[in-house]
Amino acid sequence: MKLLIPGTTTNFGAGFDTFGLALNLYNIFEFEESDAFGVEIEGEGKNLPRDENNLVIKVYKRACEVFGVRPEPFKLKQTNRVPTARGLGSSATAIVGGIEACVGLHSLEVDLEDRLKVAFEFEPHPDNLLPAFVGGFVVCVQDGGLTFNRISFPSELSLVFAVPDFELSTEEARRVLRGEVSLRDAIFNIQRASLFVSALLTGRYELLKEAVRDRLHQPYRSKLVKGFDRVLEAGYSAGAYAVFLSGAGPTICAITSDETSGSVGSAMREAFEGENVRARTLYLKAEDRGAFWE
Ligand code: HSE
C-alpha cells in the first residue's frame, strides 16, 4: 500500500495564509516492516534526512504518542515529486504523511481536528496542511480549531508553475514581512481575496488578475525572487488569467485555460532564463482528493 499526499499551492496573492489548493503532484510514501527506522529517497529532496530526523518519521512518532499507540519501526520509501523549499507544500506532505501513516498503519479512527492539532505542532500555517489532508480549494480560518470551507477548484483551469533552481525557506520568506499593515492595505486585500472566491464560483476568470493583487506579502517576498516582475509580465502577456507567488515562493504560479497553459509556461521559463535563472515548468491540475492510500 502506498500513501499519496498532494503538493499544494497557497496564498493566491491576496489570500495570504488563507487560500490553499491541492495539486495533482504527489509525494508517495511506502512502508515496510523493519527492525529499525530507515529511509530511501527517490526523486526530489535527495538531501532530506534518512534517519530518525526524517520529518515523516518524526511526525509519525509524535502522532503515535498523541493517539496512544506504540510506534512500530518501518523502512520508508519516499518517491518525491514535489520540489523542496519552493512554495509547493513539500514539508506539509511529510507532516500529513507522518500523521496518516500512524492512523492508517495502526487502523485508528482519529478525527480531522485531532490530526490537525498534531500537524500544527510542526507547521503553524493551515493553508498547506488542510488541502493536503482534505483536497480541493480550501479557505482556512486560523482560530486554534477547525474552521475552514472547501470547494472544488474549476477543472477547466490549469495551473502552470515556473520553478526556479534555487530554494527559499518559508522562515526566510516570512522574516521580510511587516508585523503591522495599514487599514488601506488590509481593505485592499479583503476586497481582492473576496473577489477571487466569487470569480471562481461564477466562472468570471477575467477578474482573477485583479483578484490576485496583494499588499501583504508579495511586495516584500518578490524581492527575494530574481526575475519576479519579468516572469509575471511574461505570464500575463502569454495569456494567463492570474500570476502570483506560489506559497512563500520562489516558484511562480499562473492560472490559465488549458489552451494557453503551454505558451504561458514557456514564456515564464524563458523570462526566468532571461535573468540567468534556470527554471523548469510544471503543468498541473487541482486534486480533489486529500491524502489517500492506493
Ligand atoms: N501561507 C504561508 C506563507 C505558506 O506564505 O508563509 C507557507 O507555509
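I looked up Arg221 and found an N or O atom of its side chain 2.8 Å from an oxygen atom of the ligand, a polar contact in the sense of a pair of N or O atoms within 3.5 Å. The protein covers 97% of the 260 Å² of accessible area that the ligand has on its own, by the Shrake-Rupley method with a 1.4 Å probe.

I note that this is a predicted model, where local features need pLDDT of at least 70 and side-chain atom pairs count only at pLDDT 80 or more, while totals for chains, interfaces and linings use all residues. Residues are numbered from 1 along each chain as its sequence is written, and side-chain values use heavy atoms, without hydrogens and water.

I then listed the shell: 13 residues surround the ligand, Asp17, Asp127 and Arg174 being among the closest, with a heavy atom within 4 Å as the criterion. By class I have two nonpolar, six polar (Gly counts here) and five charged residues (Asp, Glu, Lys and Arg).

I checked where the shell comes from. Helix H4 (126–134) and helix H5 (170–175) each supply at least two of its residues; helices are DSSP runs of H or I with at least four residues, strands runs of E with at least two. Domain 1 (2–151) and domain 2 (157–284) both contribute, so the ligand lies between them; the bounds come from an automatic or database domain assignment.

A polar side-chain atom of Asn11 is 2.8 Å from a ligand oxygen. Asn11 sits in the loop between strand S1 (2–10) and strand S2 (19–33), and its phi is positive, about 80 degrees, though it is not a glycine.

Definitions and conventions: A polar contact is a pair of N or O atoms within 3.5 Å; within protein, one must be able to donate a hydrogen and the other to accept it, and residues adjacent in sequence count only if both atoms are side-chain atoms.
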